[in-house]
Amino acid sequence: MCGRYAASRRPEDLAGIFEIEKWEPEERLEPDYNVAPTKEVYAVLDRPLKDAEDPKPVRQLRKLKWGLVPSWSKTPEGGARMINARAETVHEKPSYRRAFGSRRCILPADGYYEWVTGKQERDLEVEGRKKRPRKQPYFVTPADGSVFAMAGLYEFWRDKTLPDDHPQAWWVTCSVITTEAETTPLAVAPADGPHALSDIHPRMPLMLTPDRWDDWLDPTRTDPDALTSLLAPPPAGLMRAFPVSTAVSNVRNNGPELLKELEAPEEGTLF
């Protein structure tokens with residue numbers, strides 16, 4: 001799954017990486033090293049500009065809220081639960097299939113966090129001794145330092161309790177698509193820790209390599225079979241993972257220190 005990630009790149013940098021044609025300076029977000037559900041995040045999408053005469057899609061960098069609210073929802077409350085969409089079923093689930101057909105986006109990140117229950121705590125669970133597991137967070141990121149381009153969906157929701165000209169009348173929300181975690185060895189693995197992403201968690205965000213960006217973002221591509229082929233996992237061996245401080249487990253903590261690699265898992269959280 002993807003329940004927390006880091007996104008520190010400036011919009012100017014993202015504009016160059018993704019060949020952005022349009023972004024609004026007033027939508028600037030500060031670097032966020034502990035992105036949690038319901039926060040505002042950057043999304044790359046191809047869409048015609050509002051009120052433009054030319055219907056041609058334009059590559060945009062937009063600010064969306066993480067937690068998808070389907071257009072048919074009566075209220076937005078369910079968005080906090082819809083932060084992930086499974087690649088295996090995204091084309092058929094009512095909450096996601098319309099967005100999958102024409103409203104696909106890329107959510108740029110440095111990488112994502114995932115938590116592993118410590119070996120000592122797992123042993124206690126096996127023995128039947130009740131204890132709240134102490135989990136060690138790991139940061140997963142491209143080994144070459146490139147952007148982690150997560151496949152996503154976005155949707156529009158109209159708050160009918162507000163007038164048309166109200167700034168919050170329209171919600172634009174998004175969800176991260178996840179897939180089965182790789183079982184092949186990591187490009188760089190910690191000496192005392194997981195050796196594959198599946199050792200950390202059975203799911204992972206679907207990362208799109210640059211050769212898939214244009215096809216994924218193209219809203220004119222609506223053929224289900226062609227779109228499904230874009231959901232294939234990326235080539236193996238692109239990622240690295242390392243332990244980071246348990247401070248990231250508290251959503252109030254935020255800063256580059258959360259990405260500092262630990263020499264070993266914290267005491268009591270050994271893999």
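Which residues are linked with Arg59 in a network of salt bridges? In this predicted model, the network joins Arg59 to Asp46 and Asp214.

**Salt bridges**

- The structure holds 13 salt bridges in total, and a few are picked out here.
- Arg59 and Asp214 form one of them, with their closest N and O atoms 2.9 Å apart. Because Arg59 belongs to strand β5 and Asp214 to helix α5, this pair ties together parts that lie 155 residues apart in sequence.
- Arg59 is buried, at 9% relative accessible area, whereas Asp214 is partly exposed at 46%.
- Arg10 pairs with Asp13, and here the closest N and O atoms are 3.3 Å apart. Arg10 is partly exposed at 47% relative accessibility, and Asp13 is partly exposed at 32%.
- Lys22 forms a salt bridge with Glu24, with 3.2 Å between the closest N and O atoms. Lys22 counts as partly exposed at 33% relative accessibility, as does Glu24 at 28%.
- As background, side chains of opposite charge can pair when their charged atoms come close.

**Helix α1 and its buried side**

- Helix α1 spans residues 11–18, and its buried residues are Pro11, Leu14, Ala15 and Phe18. They sit on the same side of α1 because they cover an arc of only 105° around the axis.
- Just after α1 comes Glu19, which takes a positive phi of about 55°.

**Val147, a buried loop residue**

- Val147 is found in the loop between β9 and β10, and with 10% relative accessibility it counts as buried.
- Leaving aside residues up to four places away in sequence, Val147 touches Arg9, Ile17, Phe18, Pro108, Ala109, Pro142 and Trp213. One of these, Phe18, is also among the buried residues of α1.
- Val147 and Leu14 are 133 residues apart along the chain, yet 8.8 Å separates their C-alpha atoms.

**Gln136, a buried polar side chain**

- Gln136 lies in strand β9 and is buried, with a relative accessibility of 1%.

Conventions
Residues are numbered from 1 along each chain as its sequence is written. This is a predicted model: local features need pLDDT of at least 70, side-chain atom pairs count only at pLDDT 80 or more; totals for chains, interfaces and linings use all residues. Side-chain values use heavy atoms; hydrogens and water are left out. Buried means under 20% relative accessible area, exposed over 50%, partly exposed in between (1.4 Å probe, protein chains only). Helices (H or I, at least four residues) and strands (E, at least two) are DSSP runs, numbered from the N terminus. The arc is that of the directions from the helix axis to the C-beta atoms. Contact means heavy atoms within 4.5 Å. A salt bridge is a side-chain nitrogen of Lys or Arg within 4 Å of a carboxyl oxygen of Asp or Glu.
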